2 protein chains.
Amino acid sequence: MGQAAAAQVSANDGALSAKRGAILTGASEIFLNVGYGAASMDAIAQAAGVSKQTVYAHFGAKDTLFEAIIQQKCDDLLAPASAMEEDCRDVAVVLRDIAERFINAILSPENMRLFRAIVGESTRFPELAEAFYRAGPRKAADGLAAYLEAVNERRELCVANPKRSAELFFAMLRNDLYMRRVLGIDRSFDQNEAAPLVDQAVRAFIDAHRCEET
Amino acid sequence: MGQAAAAQVSANDGALSAKRGAILTGASEIFLNVGYGAASMDAIAQAAGVSKQTVYAHFGAKDTLFEAIIQQKCDDLLAPASAMEEDCRDVAVVLRDIAERFINAILSPENMRLFRAIVGESTRFPELAEAFYRAGPRKAADGLAAYLEAVNERRELCVANPKRSAELFFAMLRNDLYMRRVLGIDRSFDQNEAAPLVDQAVRAFIDAHRCEET
DNA sequence: GTCTATAAAAGGATAGAC
DNA sequence: GTCTATCCTTTTATAGAC
């Protein structure tokens, strides 16, 4: 019996994060699909393939589990960060590059579901809403602002207020499409819809920041 | 007994919409403040000042009540509609006017709460999400597109695709501020924050649609 | 139509064995 | 750590008197 117990303990130690990982995965699935309110702990346990008590053993309660999930997803958003101040290609090319990456990121089904879940509970979990904002929109705008400042010094464009201009650029990219996707009106992830938005935004942005050539 | 019954019936007829109105008001308050999931029928009945059974007598169930409320709010959005194709003032002036009305409308606490409630339940109630989109963003863009078409024919601006340009204009106005408000990060309804956005959007829009003066 | 009281079910959280 | 079985609160919805 002692041996059996020891074997089981070591097995548990070895698989320390196995169950925990399963819970995180299952809970993500449920929370992001149906939102906080409609997600039941039973459904989460079932999706994770563990018992409900195991879920409670790892995370104390439903709200802390939700916070852990969402916080992790927000941190993942921070990952693809790259400095672009040094990028010396033509401004239009760089902007187009940034635009395509941005629009693919925000329109991804993953990000859509995350955003919906956070908006729905922004009153109950204000910290999560702020974490999302910082990891997503804020970080993107800061990165672009740094690039625009360099562009301004190189006299390639005339950017009086980099932060404001960066926010404008991303706002133009979200356009109506982001709204439609958030509302679930456009279900498909149609690449062809996004391409014209990139064109439009880059062109309009450059027109609005062209240096006066008196 | 026949007389008493008749009297009661007529009394009920007279106050037919009194209780119903109270329910609509109370339910709006609850639903828009805490969302569909967190709203209990008890809380709604209490807010309306009626018994729970009265709520069920008027609206069969929680979801139909929610639909009735949200649908009504969306219809209210449609009310302030005015044709502006005929407005012959300077384009910059008209756009500024449109911009200010738009930004005040979408940033109003009322609209914010409506939007959050709809987004949170866009999976469960897709029709409501679509109703909101049509009554709000879609309708605003259509109205501006009609105006831009007239402007284009008058050669005041060069607008190749009125619908696309209209969507761009409103996207520029939402900017980062709409996102922050939706997430509940900016709590206050600060007018001073919106004014620079109007400036920026009108200027950028005109720059991007200026007719070539070869 | 409106109320009070109650049924019926779902869901968050815990107890105790292993 | 993990499971099965259970508790208890909340919540939707209904019954029946007036």
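Predicted model: local features only at pLDDT ≥ 70, side-chain atom pairs only at ≥ 80, totals over all residues.
Figure 1. Across the interface of chain A and chain B the rule finds two salt bridges, a salt bridge being a side-chain nitrogen of Lys or Arg within 4 Å of a carboxyl oxygen of Asp or Glu. In one of them, the side chains of A:Arg138 and B:Asp176 meet with an N to O distance of 3.6 Å. Residues are numbered from 1 along each chain as its sequence is written, and chains are lettered from A and ligands numbered from 1 in the order in which they are written.

**Figure 2. The side of chain A that touches chain B.** In this pairing, 36 residues of chain A are in contact with 36 residues of chain B, contact meaning heavy atoms within 4.5 Å. The two chains bury about 3200 Å² between them, with 66% of it on carbon and sulfur atoms; buried area is the accessible area (1.4 Å probe) that two parts lose on being put together, summed over both. On the side of chain A that touches chain B, at least two residues each come from helix 2 (16-38), helix 7 (109-120), helix 8 (126-153), helix 9 (162-182) and helix 10 (191-208) of chain A, where helices (H or I, at least four residues) and strands (E, at least two) are DSSP runs numbered from the N terminus. Helix 9 of chain A gives the most to this side, with 13 residues. By class, the side of chain A that touches chain B has 20 nonpolar, six polar and ten charged residues, with Ala, Val, Leu, Ile, Met, Phe, Trp, Tyr, Cys and Pro counted as nonpolar, Asp, Glu, Lys and Arg as charged, and the others, Gly among them, as polar.

**Figure 3. Domain 1 and domain 2 of chain A.** The domain assignment of chain A gives domain 1 (2-60) and domain 2 (76-208), the bounds coming from an automatic or database domain assignment. The C-alpha centres of the two domains lie 35 Å apart, and six residues of domain 1 are in contact with six residues of domain 2. About 520 Å² is buried between these domains of chain A, of which carbon and sulfur atoms give 63%. In domain 1, A:Leu32, A:Asn33 and A:Tyr36 lose the most area to domain 2, together 84% of what that side buries. One salt bridge is found across the domain interface. A:Glu29 forms a salt bridge with A:Arg113, with the closest N and O atoms 4.0 Å apart.

**Figure 4. Surroundings of DNA strand C.** DNA strand C is surrounded by 16 residues, the closest being A:Met41, A:Lys52, B:Gln53, B:Thr54 and B:His58; a residue is near a molecule or strand if one of its heavy atoms lies within 4 Å of it. Sugar and phosphate account for 53% of the atoms of DNA strand C that come within 4 Å of the protein. Phosphate oxygens of DNA strand C lie 3.2 Å from a polar backbone atom of A:Ala39 and 3.5 Å from a polar side-chain atom of B:Lys19. The residues of the surface near DNA strand C divide into five nonpolar, eight polar and three charged.

**Figure 5. Surroundings of DNA strand D.** Of the 16 residues around DNA strand D, those that come nearest are A:Lys19, A:Gln53, A:Thr54, A:His58 and B:Lys52. A phosphate oxygen of DNA strand D lies 2.4 Å from a polar side-chain atom of A:Thr54, and in chain B the corresponding distances are 3.1 Å for an N or O atom in the side chain of B:Tyr56 and 3.0 Å for a polar side-chain atom of B:Lys62.

How values were computed
Heavy atoms only, no water. Polar contact = N/O pair within 3.5 Å; in protein donor to acceptor, adjacent residues only side chain to side chain.
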